[in-house]
Amino acid sequence: MRLRVHPDGQSPHLGRTAPQARTRRRSRQKSAKLSDKEIDASKEVRMAKVTGLGHFGIFVRDMPKMVDFYTRVLGMTLTDRGEDDRIVFLSARPDEEHHEIALARSEDQRTDAGQISFHVDSLQDLKALYRKVKDYGCEFDRIVNHGIAFGCYFRDPEDNRVEIYWSTGIDYPQPFGDPIDLEASDEELLKRIEDLPPREGTGPHYYGRDAGKRLQAARKA
């Protein structure tokens with residue numbers, strides 16, 4: 001709306017000078033723009049999330065022994081090290097990640113993690129690493145079929161609980177763990193996946209090539 005201004009500078013409709021009216025309009029427009037920015041910023045905060053697990057650290061007492069185990073037995077690559085090996089960085093994918101585990105030497109501190117899990121690309125790799133860990137003399141906690149994965153749990157040289165697992169590529173509600181023998185043939189082990197009964201889950205599932213198939217089958221049963 002255009003303001004008609006009297007010679008004395010007063011608007012006959014709004015009772016204020018034209019410059020005052022223009023200033024008030026600009027102030028309202030500026031406030032509206034700031035509000036939009038604040039709304040956008042709040043949306044960004046709500047949508048922000050982590051994109052994955054990058055790396056973790058554990059305290060160790062015998063650095064040479066732990067480095068030997070994680071590199072020679074599990075096949076990780078030493079990517080960096082601190083002075084006097086006070087800290088050593090290891091990666092399973094050195095071309096993609098500088099490190100996925102950091103070993104920090106300490107005489108009085110100890111890591112108390114529930115488990116440290118590493119994945120492998122194939123059932124054959126899982127079985128091969130199982131044999132290497134067994135030959136090294138590690139103590140096994142359990143070896144199970146989770147439906148979504150075959151998991152092999154053991155203790156590393158300083159008693160940290162470690163899992164090596166192979167993802168089966170199917171969806172299956174958790175928790176679930178059925179004991180298996182990794183000395184069995186591939187055919188026997190794969191049949192254990194096919195023979196899994198339908199099982200109701202507690203929430204939506206989005207995992208693997210058969211995502212939701214077993215959940216739907218359970219609901220139809």
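Start by selecting Val60: leaving aside neighbours within four places in sequence, this residue is in contact with Met66, Leu103, Ala104, Arg105, Ser106 and Glu158. The model on screen is a predicted one. Val60 belongs to strand 1, residues 56-60. Its relative accessible area is 0%, so Val60 is buried, the cut-off being under 20%.

**The whole chain**

Zoom out and colour by secondary structure. The protein chain has 5 helices and 9 strands. Following the sequence, the elements come in the order α-β-α-β-β-β-β-α-β-β-β-β-α-α. Of the 221 residues, 34% count as buried. Take the contacts between residues at least 6 apart in sequence: 52% of these join residues at least 24 apart.

**Strand 8 and Ile164**

Next select Ile164, which is in strand 8. Is Ile164 buried or exposed? Ile164 has 3% relative accessibility and therefore counts as buried. Show what surrounds this side chain. Not counting residues up to four places away in sequence, Ile164 touches Leu74, Phe118, Val120, Leu126, Leu129, Val133, Phe150, Gly151, Cys152 and Phe154.

**The aromatic rings**

Keep Phe118 and Phe154 from that list of contacts and display the aromatic side chains. How many aromatic pairs does a search of the whole structure find? The search finds 9 aromatic pairs. One of them joins Phe69 and Phe154, edge-to-face, with 6.3 Å from centre to centre and 65° between the planes. This pair links distant parts of the chain, since Phe69 is in helix 2 (residues 63-73) and Phe154 is in strand 7 (residues 149-155), 85 residues apart. Phe69 and Phe154 are both buried.

Now extend the selection to Phe56, Tyr70, Phe118, Tyr130, Tyr136 and Phe140. Together with Phe69 and Phe154, these residues are linked by ring pairs into a cluster.

For a ring with a charge over it, go to Tyr153. The charged end of Arg142 sits over the Tyr153 ring, 4.8 Å from the ring centre.

**Helix 3 against helix 4**

Hide the side chains and select residues 123-136 and 186-194, which are helix 3 and helix 4. Their axes come within 11 Å and cross at roughly 115°. The crossing is right-handed. Which residues make the contact between helix 3 and helix 4? On the helix 3 side they are Leu123, Gln124 and Lys127, and on the helix 4 side Asp186, Leu189 and Leu190. By type, the residues of this contact divide into 3 nonpolar, 1 polar and 2 charged.

**The cis peptide and a facing loop**

Move to the peptide bond from Gln174 to Pro175, which is cis, with omega near 5°. Pro175 is in the loop between strand 8 (161-167) and strand 9 (178-179). From Gln174, step to Thr202: the two C-alpha atoms are 8.7 Å apart, and the residues are 28 apart in sequence. Thr202 lies in the loop between helix 4 and helix 5 (213-220). Its relative accessible area is 86%, so Thr202 is exposed.

**Two aspartates with positive phi**

The last stops are for a check of backbone angles. Select Asp84 in the loop between strand 2 (77-81) and strand 3 (87-91). Phi of Asp84 is near 60°, a positive value in a residue other than glycine. With a relative accessible area of 62%, Asp84 is exposed.

Then select Asp159, in the loop between strand 7 and strand 8. Here too phi is positive in a residue other than glycine, with a value near 70° for Asp159. Is Asp159 buried, partly exposed or exposed? Its relative accessible area is 39%, which means that Asp159 counts as partly exposed.

How values were computed. Residues numbered from 1 in each chain as written. Predicted model: local features only at pLDDT ≥ 70, side-chain atom pairs only at ≥ 80, totals over all residues. Heavy atoms only, no water. Phe/Tyr/Trp six-rings, centres within 6.5 Å; stacked < 30°, edge-to-face > 60°. Helix = DSSP H or I, 4+ residues; strand = E, 2+ residues; numbered from the N terminus. Buried < 20%, exposed > 50% of the residue type's maximum accessible area, 1.4 Å probe, protein only. Lys NZ or Arg CZ within 6 Å of the ring centre and 35° of its normal. Axes fitted to C-alpha atoms, helices over the stretch in contact; angles between N-to-C directions. Left-handed = near helix turned anticlockwise from the far one by under 90°. Contact = heavy atoms within 4.5 Å. Nonpolar A, V, L, I, M, F, W, Y, C, P; charged D, E, K, R; others polar.
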